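Morning, everyone. Let's take a quick walk through one chain. Have a look at the screen first.

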Amino acid sequence: MAAATASALTVERKRLVLDANILIRGCLGVRVRTLIAEYADRVDFFVAEANVAEAAGYIADLARDKNLDEAVCTEALLSLMRVVQIVEDTVLESAREEALARIRDADDWPALALGLQLECAIWTEDQDFFGTGVATWSSSTVERYLNS
């Protein structure tokens with residue numbers, strides 16, 4: 001019996017694109033941060049640069065609205081970004097037109113383009129991603145994917 005090669009033993013890591021609303025939930029709540037921390041050793045999490053900017057733009061206002069400490073919420077975003085890989089928007093340009101043709105809300109094209117390029121699912125709470133041809137997971141169901 002021949003010895004197995006190292007490449008035959010390599011297990012491909014799961015990949016998952018995060019939408020801006022998931023980053024926001026990760027800064028204002030506990031569940032998203034907990035799931036990302038729990039699965040970071042076996043799942044690669046990605047986010048489009050535009051989605052990071054979008055989340056950062058909302059965090060301070062949402063923190064105030066929820067009577068949360070803005071500095072703590074901002075630090076939570078920085079903490080998430082130590083685990084989540086940012087993909088520059090320029091890298092997504094080649095998939096922009098296809099993403100725009102598939103999605104109802106043109107503002108959501110970066111996350112969809114990233115999902116298309118990486119050929120992986122998107123973690124989102126936004127129903128505009130449904131029917132785009134890319135698998136989507138919500139916060140209530142994503143653990144099924146992460147465990148599969």
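Start with helix α2, residues 20-28. Its buried residues are Ala 20, Ile 22, Leu 23, Ile 24, Gly 26 and Cys 27. What covers them? Strands and helices both: the cover includes β1 (14-18), β2 (43-48) and β4 (121-123), along with α3 (31-39), α4 (49-65) and α5 (70-80). Keep in mind that this is a predicted model.

Now step back to the whole chain. We have eight helices and five strands. Read from the N terminus, the order is α-β-α-α-β-α-α-β-α-α-β-β-α.

Next, overall dimensions. The radius of gyration is 16 Å; a compact globule of 148 residues would come out near 15 Å, so the chain agrees with that expectation. Along the principal axes, the C-alpha atoms fill a box of roughly 65 × 35 × 25 Å.

Of the 148 residues, 41% count as buried. Take the contacts with a separation of 6 or more: 67% of them join residues 24 or more positions apart. The accessible surface is about 8,200 Å², and carbon and sulfur atoms hold 52% of that.

First, Ser 138. Where is it? In the loop between β5 (136-137) and α8 (142-147). Buried or exposed? Ser 138 has 17% relative accessibility, so it counts as buried, the cut-off being under 20%. Leaving out residues up to four places away in sequence, Ser 138 touches Trp 123, Thr 124 and Glu 125.

Second, Lys 14. Its charged end sits over the ring of Tyr 145, 4.8 Å from the ring's centre.

That's the tour. Questions, please.

Definitions and conventions. Residues numbered from 1 in each chain as written. Predicted model: local features only at pLDDT ≥ 70, side-chain atom pairs only at ≥ 80, totals over all residues. Heavy atoms only, no water. Helix = DSSP H or I, 4+ residues; strand = E, 2+ residues; numbered from the N terminus. Buried < 20%, exposed > 50% of the residue type's maximum accessible area, 1.4 Å probe, protein only. Contact = heavy atoms within 4.5 Å. Lys NZ or Arg CZ within 6 Å of the ring centre and 35° of its normal. Rg over C-alpha atoms; globule rule 2.2 N^0.38 Å. Areas by Shrake-Rupley, 256 points an atom, 1.4 Å probe, with all protein chains shown as cover.
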